[in-house]
Structures are given as C-alpha cells and as structure tokens.
Amino acid sequence: MRRWSVPLCVLACLTVGVTAAFTVAGPASTGPAAAAPVEPETAAAPVEGPPTVSPTEIRFRRDTLRPGSARDVGLLSEKVDALRGIAESYLRPTPDHQNWPAYAGAVVLAAHDGVVVQRFAVGDAVRYSAVGAPPLRIGTELPESERIPARVDTIYDLASISKLFTTIVLLQQVERRRVDLDAPVARYVPEFAEGGKAAVTVRHLLTHTSGLPAFLPFYSTHPTPETRLAAALTTPVTAGTAPGNQYVYSDIGLIALGELIGRVTGKDLATAVRDGVTTPLGMRDTGYNPGADKRNRIAATEYQPYVGRGMVWGEVHDENAWALGGVSGHAGLFSTADDLAILCQMLLNGGTYRGRRILGEATVRQALVNYNADLEERYPESDRGLGFELGKHLYMDALASPVTFGHTGFTGTSVVIDPLTHSFLILLSNRVHPDRGWGTNTVARRALARSFADAHPVRPALGGTAWRTERRDNATVTLTAPLRSAAGAAAVASFLFWYDTEPRYDTVLVETSPDGRNWLPATLSLRTLHRRFAVTTGSLTGYGGREWWHVTAPMPAGTTHLRWSYRTDTAQQGRGVYVDHVLVLDPRTTGGVLFAGETTDAGKFVADGWAPATS
C-alpha cells in the first residue's frame, strides 16, 4: 500500500543518529540523548538541496480500472465519502460561490491504484430553457417533468480538455517521426508563417509560449468554416512578443495544431483522435459532434441567443469550435467520466491500457517536463508540459505536486492526475448552464481535490498522533512550545516535520523567541535518508517531498519559546504541515531537557489552528 508519509528515513535517524549531537527521542525518553553513533559506511551520502521530483522519478503501473472501496486501497473512507456531499453543496449558492449555483449538475469519479473508489452524479444534466438579462441573470427553469437528472453516464462537453486529445495524437506523430517538436509549425502548415510566426515551433504551441493572443472571435468575424480556419492559421503574434519568451494560454495555437495533425496524417482531427485514442482504448462515448440519438444523455450548456443558438444542447458550446464545424484542436470533444477514467489510467500506466499502447513511456515522461520553468517568476501560472498543466493548485489544490498533471474545460470540466500516488479525480459539470455569467466552478474543483487529497493518509512517522495545521484559508495558525527554562548557548531543538504547501503563497515559518512576544527565524537543518538541506530564514514553502523530515535547529541563548507559524492566502492550499516528536535539549542545564513534546511537556503546547491528528 502506497502512502504519502514515508517513515523509513525517520526510523533510520533513530537507529544511526543524526547530524546534530543528539538523536530524536522515542516516546518514553525524557533525558539527554546519547552521542550519535557513526553512520554505516554503506549508507549513500544524502543529496544536497530542497526536495524535488521530476518525470524521470515517476513509477508507472499496469493497473486496470475496477470498482472497490477506499479501505481496499488504504484511503480514508470518510474523506472519500465526503466527496458526494461536497459536490451536492454546490448545486446551490454557497459562501464561496454566492448568488448562483456552481453548476446545474455534475459527475465525480475518483480512483487510486486502479480502484474506482467514488463514482456518482448530482443535480441535473438539463434544467433550464433560457436565462434573463444581466445583472440578475435569472434562469428559466424547465418544468420538473422536462428536466433530465445527471447520471454517471451523462455525456459532457469537455471544452478545453479536448486539447489533451489533440496533444496525445500529436505526440503519436512525434513518435512516428512525422513531427519534430522543435520544428517551425510552418514546416507542416506553410501559411502559419504569416503574422510573424515563422520561428514559432510545435513546442511553443503546446506550451502556450508562441506569442499568439488567447482568443479571437472567428465565429463572428468570418463567414464560413474555411475562412475562419484560414484566419486562425494566419493570426499574427502579439506585438512585442518573441517565441518562448512569454506565456499566454491560447486557443488559437491549438486550432493550428489540430490542422497540423490533419496535414501530416491525411486524416481529419476527429478521425485521428478516433483511430489513435478512443477506439483502441474502448472509449465508446467519446467523440466530436455526438449524434441526435445520444441527445438525452448529453448535459446542456449555455443559452446563446447572441449567435442564434438558443440553449446549446447536443452541440459544442465553444463558439469558435461550433463555427468550425464542431471539430477543432482546442475544443469539441464530448465524453463521460468512465471514458475519461480510461484515459487517465492509460497515462498513469505510462501510455498503455489493457495491452493497448497509446504512447511510449518516454513520451509520457517528456510530456510532463515543465518547459516553462524559466517563465515561472514572471508568469506564476505558466507551469506546463506538452499540452498538460502541471502542479496547478488553482484547481488541483492539495493533489498538486510538480508532476501532478491535468486540465480544465470552460464548461466546468476538469481532470487531475497525480502520478506520485497513482490517483486521479474527474469532475464533469455544466457550470455554464444556463449562463457563463453565473461564474466558474473552480471553488468546487478545489474542495473536491482537497478532500480526495486528504483521503491519502499521512501517518505520524512513529505512530500515535502528530500536530497538524487545520484547513483555513487566509489565516495564520501557530503551534508554540514554551521551554522549561531559557536556553543556553548549546541548546538545540529537534522535531519531525512534514510539509506540503502552495508554493510562494502558503509558508511555514519556524521561529524562536526570548519572551513569547518578539520572534526570530530559526536556522534549520533538514534530513531524510536520501536528502538534506539547510534553511537560514526559518521559512519553507511548496513541495516537501511527501515524506517526514528530521529537523534540527540551534536555539539562540535566552530562547524561551519555539513556534511553528503557518500562513495561507485566500484560496488554494497543499496538504499543510505536520510536526511531531519535538525535543529541545541543552546539555549544560540540569537534566538536559528544555522541552519533551512526547512525554512530560505534551500538554504544554499552545495550539491556535493546529490539532492532533493520526493522518
């Protein structure tokens, strides 16, 4: 069974000693620790530097989807069971989504190690016939007898999740050496060179770094599908941009890639997706332009009188994709949660499912490299592989890691795939039904991801309970250990530490104080069996390796308090922070112990927004 907490490094610290002049005390120890023994000569030297993870470290499995319970795969049942209540709560206005529901209906599917642990539908696939004018935007509800409840096999308009299918088919052409990622797009689509795009490569379009604008309304500015496509292909880059030097999420780039696929395969995009992905995977309900026979299984989307469509139902919602005939590289696909689960599992399996290989393992790893790392400081939301979004806490929340990948769709859809836990979460909804002005459903995406992430237990490394931060947005929560007496010059703190936060925006600060009022950052040394690094600012943020760290920190002379302070921003989070086995030793004081958090001083912690937890 795979867990996010890995206690081996901590047990090793207890067995072979630590870098400081004392060891972590076990539950029954209250006195000074013995001198650290020499580590075995066979132990590999830990890598220096903060925790990282790259696609090369992903371990692919060969799972086949099957139903089961959370308990079957070591997840916390109460957190998995909570998904339904969370999804249902957004069928009406909520404090974080006021005035209107987040969606009319939704389907949620969650899986871990190939086991589908949650699969349900809430609300309605079809509920409204029209919507009133802004600002009230009152929906005109259908009579009860004409509404269509959402079902687990309801077919949803995927919107931009369609881009993943375009990406996969394109990568298949790369594997067959028909396409070079670093070749100019104009090599395959000559007219694309117009508008200053001669140097724009296939990779630039997949990573949204071409300089193309995000969107243009081709549906209203050109009269036919042919002229609309021509306009998209010849759209100039934005003035002042250079290929690879900026990030702008662009539908137009994916329209071009859809056309590129057609040029190199000799097939239209719909056929290429069918032959390359959906048919070999047995995705029977996935495709463009679903037939009228499926209409009663399809979720309605938006009321669009401004283009003469009325309530869109059974046709693609995106106006440009609709105006291009329903098939485009950026939008147009319809699917079910069950079909998308197959796609997710194929990717977690390294490109194969039930013996059918869709992509090579090396290609999947290549697709999950963050090619926009150099842009991250200027464009914090730019982390992207080839087509896939990476580590986007905005909707992945606590499921995010540097290699967690997925995508969202404007209609209210999303997939989040975490290869470190072999888990994925699918949300299909019609949040634009009846009107996009009712707002995004990202709050629901985050809440569902947070609960499913919490279903993956973080066990205290040595058993019992650990202190854990409570889930509070836009807050500062503190855990304080008052020492028995002021520290001398040789005092050192030791504790076990697990952290996973939203990078840059949610931080944990370890501090010391001589009086409980004025605080200074502590200098920290963090170590596991395989990695170690030091922090002089006392501050940590981001990916913590999903494992327990043994931390030591010298206490300045006169220290009377040790504190862990966790500050969050207004929205998304990681898993939070855990602290356990706090021990402060001073060999120059009587007894040598200034704080023993597991025994004598266990009841002296001052917790504000922290609580004992077993997972």
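**Close-up views of a predicted model**

**View 1. An open sheet of 3 strands has the order S8-S10-S9, with antiparallel pairing.** The model shown here and in the views below is predicted. Strand S8 (156–157) and strand S9 (287–288) stand at the edges of the sheet, and each has a single partner strand, so one side of each is left without a neighbour in the sheet. S8 and strand S10 (residues 333–335) run antiparallel and are joined by 2 bridges. Asp 157 has Phe 334 as its bridge partner in S10. As a general rule, the strands of a sheet pair through backbone hydrogen bonds, and the pairing is either parallel or antiparallel.

**View 2. Helix H10 (residues 337–348) is largely enclosed by the rest of the structure.** This description holds because 11 of the 12 residues of H10 are buried, where buried means under 20% relative accessible area. Among the buried residues are Ala 337, Leu 340, Ile 342, Leu 343, Met 346 and Leu 348. Asp 339, Cys 344 and Gln 345 of H10 are buried as well. At 1.5 Å a residue, the 12 residues of H10 should span 16 Å, and the end C-alpha atoms are 16 Å apart, which agrees. H10 is followed by Gly 350, which has a positive phi, near 80°.

**View 3. The second largest cavity is lined by residues that include Tyr 395, Ser 414 and Arg 445.** Which element gives the most to the lining? Helix H13 does, with 3 residues. By class, the lining has 6 nonpolar, 1 polar and 1 charged residues.

**View 4. Phe 495, Phe 497, Tyr 499 and Trp 564 form one aromatic cluster.** A search of the whole structure finds 11 aromatic pairs. In one of them, the rings of Phe 495 and Phe 497 have centres 5.8 Å apart and planes at 85°, so the pair is edge-to-face. The angle decides this class because planes over 60 degrees apart count as edge-to-face. Are these two residues buried or exposed? Phe 495 is buried, with a relative accessible area of 1%, and Phe 497 is buried, with a relative accessible area of 1%.

Terms used. Residues are numbered from 1 along each chain as its sequence is written. This is a predicted model: local features need pLDDT of at least 70, side-chain atom pairs count only at pLDDT 80 or more; totals for chains, interfaces and linings use all residues. Side-chain values use heavy atoms; hydrogens and water are left out. On a 1 Å grid over the protein atoms alone, a cavity is a set of points where a 1.4 Å probe fits but cannot get out, and a pocket is an open set with protein on both sides within 12 Å along at least five of seven lines; lining residues have an atom within 4 Å of a point. Helices (H or I, at least four residues) and strands (E, at least two) are DSSP runs, numbered from the N terminus. Ala, Val, Leu, Ile, Met, Phe, Trp, Tyr, Cys and Pro count as nonpolar, Asp, Glu, Lys and Arg as charged, and the others, Gly among them, as polar. The expected span of a helix is 1.5 Å times one less than its number of residues. Buried means under 20% relative accessible area, exposed over 50%, partly exposed in between (1.4 Å probe, protein chains only). Two strands pair if DSSP finds at least two bridges between them. Rings of Phe, Tyr and Trp (its six-membered ring) pair if their centres lie within 6.5 Å; planes under 30 degrees apart count as stacked, over 60 as edge-to-face and the rest as tilted.
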